[in-house]
Amino acid sequence: MDWKDLELGEKNLLNTYLKRYKSEASELNFTNLYLWREGYDITYKFIGDFLCVRHLDVMKKPFHLSPIGTGDVKPVLLELMEESNDNNVPLMLSPITKDKVDEYSKLCPGRFDCFLERENSDYVYSIEELINLEGRKFHDKKNMINRFMKDNQFEYLPITSDIIQDVEASAEEWCIIRNCEDYIELENEKSGIFECLEHFSKLDCDGAAIRVNGKIIAFTFGELITDDMVVIHIEKADPRIPGAYQMINQQFLLNKWSSYKWVNREGDMGMEGLRKAKLSYNPIRMIDKYCLRQIQ
């Protein structure tokens, strides 16, 4: 079977695998794959009873997520290795979690090198902590929210078809401020945001926005990925408005996800500023991600 482009019409089929797996990893859900499908040329195919997902990096080098399915995964790994050998490239499994590193290394001893991908490792937080922002470790965040509330009359709005165009305008303005055209990751993200917003009602995520003086100044969307963990796919706010980021973060969790325990706010893409921001929210733990590279 050839690799197929990932399309919205395949959501139900792919979800029979993705939702059954219930991974804590931020990559293994349909919305995330759909968000990045053009930026990473995401394709998929089935090998036996396993769903295999392939990305291409900026140099058009392929890498694969963990095969998703039940039963013996070793024949799947061997077939992927054979295909990679035919294309004169080593099989790259990335980003994958430590349990998969251990499983695949045991099934195929001596066949892989392994290294940590810190930039892809997910940050996990307590939802309760990020709502209440209690104690000294959240003092600065609480102060920013208080400042925002003092300076602004705001509306909290779930993302519905009524405000999609306004959210798109906010995303466009954010990219102008942040010079997205200078950074391929931000350009790819922008493309994915617009595609997700265009088909928002058909995806499995929920979203929210904050409006000030008739204008959307912050928005976010995410979804439940396990029984007690939410993933935040996107969060954007006008950086010129103090407290806007802190406010959308707290309000979305408070209004939509307060009955759940954990929030996965994804990785930092190796961007120093983003890493600093994610660390400042005091993660409970990291979901470390690795790359397994076939030894040839």
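1. A helix or a strand here is a DSSP run, numbered from the N terminus. With that in hand, you can find Glu266 in the loop between β13 (262-264) and α10 (272-280). The model you are looking at is predicted. Glu266 has a phi near 60°, a positive value in a residue other than glycine. Buried means under 20% relative accessible area, so Glu266, with 13%, is buried.

2. Stay in that loop for a moment and look at Arg265. Arg265 forms a salt bridge with Glu235, and their closest N and O atoms are 2.9 Å apart. Because Arg265 sits in the loop between β13 and α10 while Glu235 belongs to strand β12, the pair ties together parts that are 30 residues apart in sequence. Are the two partners buried or exposed? Arg265 is buried, with a relative accessible area of 10%, and Glu235 is buried too, with 16%.

3. Now for the wider picture of charged pairs. Side chains of opposite charge can pair when their charged atoms come close. How many salt bridges does the structure hold? The structure holds 24 salt bridges. Some residues are linked in a network of such bridges: Glu173, Lys215, Asp238 and Arg240.

4. Another pair to find is Asp227 with Lys22, whose side chains meet in a salt bridge (3.1 Å, N to O). This pair links distant parts of the chain, 205 residues apart: Asp227 is in the loop between β11 (215-224) and β12 (229-237), and Lys22 is in the loop between α1 (11-21) and α2 (30-35). Asp227 is exposed, at 59% relative accessibility, whereas Lys22 is partly exposed, at 43%.

5. Arg147 and Asp151 both lie in helix α6 (residues 139-151), 4 residues apart, which is about one turn of the helix. Their side chains meet in a salt bridge (3.6 Å, N to O). Arg147 is partly exposed, with a relative accessible area of 44%, and Asp151 is partly exposed at 47%.

6. Two backbone details are worth checking as well. Which peptide bond is cis, with omega near -15°? That is the bond from Ser94 to Pro95, and Pro95 is found in strand β6 (residues 92-97). The other detail is Asn179, a residue other than glycine with a positive phi, near 55°. You will find Asn179 in the loop between α7 (164-177) and α8 (184-198), where Asn179 counts as partly exposed at 34% relative accessibility.

Technical notes: Residues numbered from 1 in each chain as written. Predicted model: local features only at pLDDT ≥ 70, side-chain atom pairs only at ≥ 80, totals over all residues. Heavy atoms only, no water. Helix = DSSP H or I, 4+ residues; strand = E, 2+ residues; numbered from the N terminus. Buried < 20%, exposed > 50% of the residue type's maximum accessible area, 1.4 Å probe, protein only. Salt bridge = Lys/Arg side-chain N within 4 Å of Asp/Glu carboxyl O.
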